[in-house]
Amino acid sequence: MSVGLHHYLLLSALLFVVGTVGVITRRNAIVVLMSIELMLNGVNLSLAAFSRYWGDGSGHALVIFSIAVAAAEAAVGLALLIAVFRNRQSVDLEDLNLLKG
Amino acid sequence: MLLDLTMVLVRIALMLLVVLQVIPLLIWWERKVSAYIQSRRGPAYASAGPLRLFGIVHTLTDVVKLIGKEDITPSQANKPFHFIAPAIAMFVALLTFAVVPYSGSVVIDGREFSLQAANLNAGILYILAIASLGVYGILLAAWSSNNKYTILGGLRSSSQLVSYELVMSLALVGALMVYGSLELGKAVTHQSGPFWHWGAVVQPVAALLFIVCAFAETNRNPFDLPEGESEIVAGYHVEYSSLRFALFFMAEYANMIVASGVIATLFFGGYEIPFLPTETLRANAAPILRIVLLATAAGGTLAGLFFGYLFFQGNERGPRDPDAAALAVLFGFGPAVAAGAVLALTGGGHFEFGPTGASLVAAVLQFACFMAKLLFFAFLFIWVRWTLPRFRYDQLMRLGWKYMLPLALLNVLATAFILERMAK
Amino acid sequence: MTGSALLFYVFGALALASAVLVVTGKNAIASAVYLVVAFFNLAGLYVLLEAHFLAASQILVYAGAITVLILFVIMLLDVSQLVRLQGSRNAIARSLGIVLAGLFAILLASQLAPGEVGFPEKLPEGFGTVESIGDLLFDRYLLAFELVSVLLLAAIVAAVAIAHREGESTP
């Protein structure tokens, strides 16, 4: 039994779903941020697998871009988190409801 | 197949040997060099029978002491993380060395086996990647101990390591542009020949920045804020004792050895002997080996005579010091007699080498050269630690971000410009 | 079963398990550590896919920088309050989220199930090496590359501007 493209795609889909569950169900902003990283990684895995399938390096280049975007996202996200924590002494997403009527 | 497997095992065993066996030597050096710098005598009392060997036995007794101590886990600690943190620190330190080539390749049955545990296409990236994981051992130890001082140490180390990693990578970019490859083996062959091919001569700014960053990454003075004794007791490993403390202690020295090895490989020619590239060395293996044997015989006799003189003349421990006799035999007459015997048996050193033998002779000599360079930089680490005071935290951050980072960027720019002009 | 297939299942199972632990963990620091484990196993999968450069960058950026930053922030903020996480959102939102995710997983799996697609045996020369990716980045994707560098610059400025306290002098 050999491992092929569909194995990797299934794994990447599962990782993406696990990340999605984290984003939807958790209240702590830090865990939500980590779940987003998981989702990005799931997508990266599928890109690398497709790259292997076509024997073309473009997928690798895309993963590099995605990693760079993830780094930018983490930096800004964590900065926002620190600012929010400073103002409200909490990083619970349910507490961030100032705009609620 | 069997040959492949043996060579893999040999390569890994040699790598572990280099790192693990140099640790006790460095701990001994640290004590002796610090003593010398502070006009003390240093450890001198631990002995094995009549031999004290200038306190090297002290390291052994240290190990016994650490094993004998009680292994304490604080009651409020997070036990799994507290348990695993020292292991991570040591594991990462050992793993980094895997891509460092410690000698030229060996030819067996017409096939080349490069002497490094793993030959990766992205070798330098691998070093940066694994080295960046060292912070987890410190961070987990810091947090799991549930102690204010450890947390402060952990915070300091994480921000320090992340900041200096950046400068380190950027400093490397300049050197990589010259070498044209991320493979460490290629970086070394690029530096073969005369010493002005060395990275330190071609890329002096990169070399200087990299060495400073290596000090910061290994948490050594003047960058040892994560464990600054006068401010936060002992930083991240306050709550560790016994063998788990020993692991942190050993990891620090293992990191030093790895950093020295990487500095030597990237900027000081690695295993290549100056003026003697691998091909020359292999082609002239027989005469070179004869010269080395003659030099060993002569140097050994001289050293033996010197230590023998010390033995009869006496030192501060009185005449007939057994240490002097042991040194005379170990480093003087012993090697001299062995080298002389080999010379006599081969009729004055007339060797005949096939490709395997020649490559083996070259590999052994290059290994010695690599170790000499590595030990020199390890000595530099110790020397600097006992000479310079510690930075203040804001000074450290300012140095990293405001001076070293722009300098590294300028170096990349200047290198690109010069390479472009030279290509035309 | 070949060695690489076995490795795929080991890495894949570990990555998935640690991903689940990240999401379900009750302790933010433990979650971050499991995240690192997941990244490590993903790097292993990249190596199996002959993407050595990606594996190294994965560890360098994700494990070496992003997660360290997350851990740093967790420790920098009020540790005692943050480390023990309050439970998840209310029961309706949680169950709805899990049901939707499950449906999504089934949908994806059903699309993938029919075809057993193997990998080609032969790969082009230099696949996944630093040189080939460098060629792509600085040739075909040069514009994207430059844009990403601008994005990173913007992120640096934004992070400093947001996290910087008003009226506080920088050291």
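Analyst: The place of C:Glu50 is the loop between H2 and H3 of chain C; helices (H or I, at least four residues) and strands (E, at least two) are DSSP runs, numbered from the N terminus. The model is predicted, so that local features need pLDDT of at least 70 and side-chain atom pairs count only at pLDDT 80 or more, while totals for chains, interfaces and linings use all residues. Residues are numbered from 1 along each chain as its sequence is written, and chains are lettered from A and ligands numbered from 1 in the order in which they are written.

C:Glu50 has a phi near 65°, which is positive although the residue is not glycine. Most residues other than glycine have a negative phi. C:Glu50 counts as partly exposed because 18 C-beta neighbours lie inside 10 Å. The classes are as follows: a residue is buried if 20 or more other C-beta atoms lie within 10 Å of its own, exposed if 12 or fewer, and partly exposed in between, with C-beta atoms placed from the backbone.

Two residues are in contact if their C-beta atoms lie within 7 Å. This contact takes 19 residues from chain C and 22 residues from chain B. On the side of chain C that touches chain B, H2 and H3 of chain C are the elements that give two or more residues. H3(C) provides the largest share, 14 residues. By class, this side of chain C has 15 nonpolar, four polar and no charged residues. Here Ala, Val, Leu, Ile, Met, Phe, Trp, Tyr, Cys and Pro count as nonpolar, Asp, Glu, Lys and Arg as charged, and the others, Gly among them, as polar.

Chain C also touches chain A. Of the two pairs of chains in contact, chains A and C share the most contacts. In this pair, 73 residues of chain C are in contact with 64 residues of chain A. At least two residues each come from helix H1 (3-24), helix H2 (28-48), helix H3 (52-76), helix H5 (91-112), helix H6 (130-137) and helix H7 (142-163) of chain C. This side of chain C has 57 nonpolar, twelve polar and four charged residues. No contact joins chain A and chain B, and their closest C-alpha atoms lie 13 Å apart.

Chain A has three helices and zero strands. The radius of gyration of chain A, taken over C-alpha atoms, is 17 Å, well over the 13 Å that the globule rule gives for 101 residues, so chain A is more spread out than a compact globule; that rule is 2.2 Å times the number of residues to the power 0.38. The C-alpha trace of chain A spans about 55 × 25 × 20 Å along its principal axes, and buried residues make up 55% of its 101 residues. The average pLDDT of chain A is 83, and 97% of the residues score at least 70; pLDDT is the predictor's confidence in each residue, from 0 to 100.

Buried residues make up 45% of the 424 residues in chain B.

B:Ser39 is found in the loop between H1 and H2 of chain B, and its phi is near 55°, a positive value in a residue other than glycine. B:Ser39 counts as exposed because it has 6 C-beta neighbours inside 10 Å. H1(B) bends by about 30° at B:Ile23, and a proline, B:Pro24, follows within four residues. The bend is the angle between axes fitted to the seven residues ending at a residue and the seven starting there.
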